[in-house]
Amino acid sequence: MAEELSPGCARPAGRPVSEAARDESAYQQERKEESNVILIGRKAPDFTAPGYHQGKFVNVKLSEYLGK
Amino acid sequence: MEVLSVSVDSMFVHKMWNDQELCKMVAGGVPFPMLADGGGKVGAVYGVYDEEGGVATRGRFLIDPDGIIQAYEVLTPLVGRNVAESIRQIQAVQTVRESKGTQATPSGWRPGKPTLKPGIDLVGNVWRAWKTESAFD
């Protein structure tokens, strides 16, 4: 019998149920990624992403906005 | 000033959301690009991707023309932000930038309100230059 959910503003997604060992390696990765944490005064990580803008599909690269 | 929005939703979902709902809230629809970050890799480097939830926590980042992060705001999903505050922060960051760091905007600053001149002369003398009432409108 499926249990009822009240997600509020969240958008829950499915995921595999991990064993204890896999949970640990995920934790290790999180610690490593902490050094890439964004900080005030640091460069905003550049990225490129597709998207939608005023009736067109576009591709945007953050660094193209430098100087604006 | 340019605006970009990013979420894990696909460009197709962005289009449908804009064309079906957002255009009813904003005349002409969303004026800035809505980007698709499926998988949350961009959200992850910005520190807002929730891997377990598969979605990013709502965050707003102010990036200056040199590509440096000047401010960011992240709130729990059920609490919306104050747009007027984001605009105020943009104006403050621009003011400080134009002054080349010779001016600071004190707490509660709004355009037209006095700025402070950071330096050794201000140390211990903030009480002369700024009143706590100035933090409020």
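Which strand is B:A56 found in?

1. B:A56 is found in strand β4 of chain B, residues 55-56. Strands here are DSSP E runs of at least two residues, numbered from the N terminus, and helices are H or I runs of at least four.

2. A word on the ground rules: this is a predicted model, where local features need pLDDT of at least 70, side-chain atom pairs count only at pLDDT 80 or more, and totals for chains, interfaces and linings use all residues. Residues are numbered from 1 along each chain as its sequence is written, while chains are lettered from A and ligands numbered from 1 in the order in which they are written.

3. Back to B:A56, which is buried because 22 other C-beta atoms lie within 10 Å (buried takes 20 or more, exposed 12 or fewer, partly exposed in between, with C-beta atoms placed from the backbone). Setting aside neighbours within four places in sequence, B:A56 is in contact with B:S7, B:V8, B:G40, B:G43, B:V48, B:Y49 and B:D50; contact means C-beta atoms, placed from the backbone, within 7 Å. From B:E21, B:A56 is 35 residues away in sequence and 21 Å away in space, C-alpha to C-alpha.

4. Now have a look at where the chains meet. Chain A and chain B each bring 30 residues to the contact. On the side of chain A that touches chain B, β1 (48-53) and β2 (56-61) are the elements giving two or more residues, and β1(A) gives the most, with five.

5. One pairing crosses between the chains: β1(A) runs antiparallel to strand β2 of chain B (residues 34-36), over two bridges. Pairing requires at least two DSSP bridges between the strands. Within this pair, A:G51 stands opposite B:L35.

Conventions:
Two residues are in contact if their C-beta atoms, placed from the backbone, lie within 7 Å.
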